[in-house]
Amino acid sequence: MAAGTELTPASYIQHHLTFFARPVGEGGFWTLHVDSLVTAALLGVIGIGSIWWVVRGATSGVPNKRQAFVELLVDFVDEQVKGIFQRGDRNRFIAPAALTVFVWVILMNAMDFLPVDIVAAALGWLGLHEWRLVPTADVNTTFALSLSVLVLSVYFAIAAKGLGGWIHELFCAPFGSNVLLWPFNLMFNFIEYVSKPLSHSLRLFGNMYAGELIFILIALLGLYQIPFHFGWAVFHILVITLQAFIFMMLTIVYLAMAHEHH
């Protein structure tokens, strides 16, 4: 959550005007939100590093609780990939990428559970006022993730069909190869490529941003906030897990679609 000396929805919305927004080029698009970037990177290292640590110490005997949890997680993700991706070796990239996305997104979402007052005081003591602690409540984070998936889908489409085959599909699918239909095919495919990252990113961002605002509004209730916080937190567990699952599933679907020939 946003942390600052004065916690209000207005200051939360104005996050992009804070100290942590660093322009790296012309225009607002070329701006790095340092707080979201640093938090996301740390959570990625912690999440994937923890799995690597457990797997490195795995044994073929009776697994301990950590190993059993990781095995259940890997099997769960692998089953989802197996049901969607059926063209090629899923274990080479698709399944590991899906596991990475699921773990990373769910950890970023889970930062929403940290008490805003305590986190605000701790970060404020460090001089990090207005630090956003939930990267997925920042549209720049979710849009960057979705753009990465788009780039990967284009790469796999070209790798599977060849550059010529991919360009041919842009102009000749789905309405046919007649020259008169080329502009309509290209327009249709262009809209598809644009809509994928938009829907992919805004779905996750919208849910997490709304959850952030609700937590902040509840925090303004003072002493009466505890039962409301507990009720919303219990419901938010489902939201956090479901949004991570949906983001992972859409990633698998888009990468699987890139391997299909039309």
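Please keep in mind that the model is predicted. Three helices come up again and again here: α4 (94–110), α6 (residues 139–172) and α8 (residues 225–258). The second largest pocket takes part of its lining from α4, while the largest cavity draws on α6 and α7 (182–219).

A handy reminder before the numbers: a pair of packed helices is described by the angle between the axes and by the distance between them.

- For α6 and α8, the axes come within 7 Å and cross at roughly 25°. Angles under 35 degrees count as roughly parallel, so α6 is roughly parallel to α8.
- The crossing of α6 and α8 is right-handed. On the α6 side the contact is made by Leu145, Ser146, Val149, Leu152, Ser153, Phe156, Ala157, Ala160 and Lys161, and on the α8 side by Phe247, Thr251, Tyr254, Leu255, Met257 and Ala258.
- Sorted by class, the residues of the α6 contact with α8 are 11 nonpolar, 3 polar and 1 charged.
- For α4 and α8, the axes come within 9 Å and the crossing is at roughly 155°. Angles over 145 degrees count as roughly antiparallel, so α4 is roughly antiparallel to α8.
- α4 also passes α8 in a right-handed crossing. From α4, the contact uses Ile94, Ala98, Val101, Phe102, Val105, Ile106, Asn109 and Ala110; from α8, it uses Ile240, Thr241, Gln243, Ala244, Phe245, Phe247, Met248, Thr251, Ile252 and Leu255.
- The contact of α4 with α8 has 14 nonpolar and 4 polar residues, with no charged ones.
- α4 and α6 pack at an angle of about 175°, and their axes are 13 Å apart. These two helices are therefore roughly antiparallel to each other.
- Ile94, Trp104, Val105 and Met108 of α4 meet Thr141, Leu145 and Phe156 of α6. That contact is made up of 6 nonpolar residues and 1 polar residue, with no charged residues.

- α2 (34–56), α3 (65–84) and α4 are the elements that give two or more residues to the lining.
- By class, the lining divides into 13 nonpolar, 3 polar and 1 charged.

**The largest cavity**

- Searching the whole structure turns up 1 cavity of 30 Å³ or more. The largest cavity holds about 40 Å³ of space.
- Its lining consists of Ser146, Val149, Leu150, Ser153, Lys196, Pro197, His200 and Tyr254. Two or more of these residues come from each of α6 and α7, and α6 gives the largest share, 4 residues.
- The cavity lining divides into 4 nonpolar, 3 polar and 1 charged.

**A cis peptide bond**

- Most peptide bonds are trans. Ala173 and Pro174, however, are joined by a cis peptide bond, with omega about 10°.
- Pro174 sits in the loop between α6 and α7.

Terms used. Residues numbered from 1 in each chain as written. Predicted model: local features only at pLDDT ≥ 70, side-chain atom pairs only at ≥ 80, totals over all residues. Heavy atoms only, no water. Nonpolar A, V, L, I, M, F, W, Y, C, P; charged D, E, K, R; others polar. Axes fitted to C-alpha atoms, helices over the stretch in contact; angles between N-to-C directions. Parallel < 35°, antiparallel > 145°, perpendicular 65-115°, else oblique. Contact = heavy atoms within 4.5 Å. 1 Å grid on protein atoms, 1.4 Å probe; cavity = no way out; pocket = protein on both sides within 12 Å on 5 of 7 lines; lining within 4 Å. Points joined across faces, edges and corners; volume = space filled by probe spheres on them. Left-handed = near helix turned anticlockwise from the far one by under 90°.
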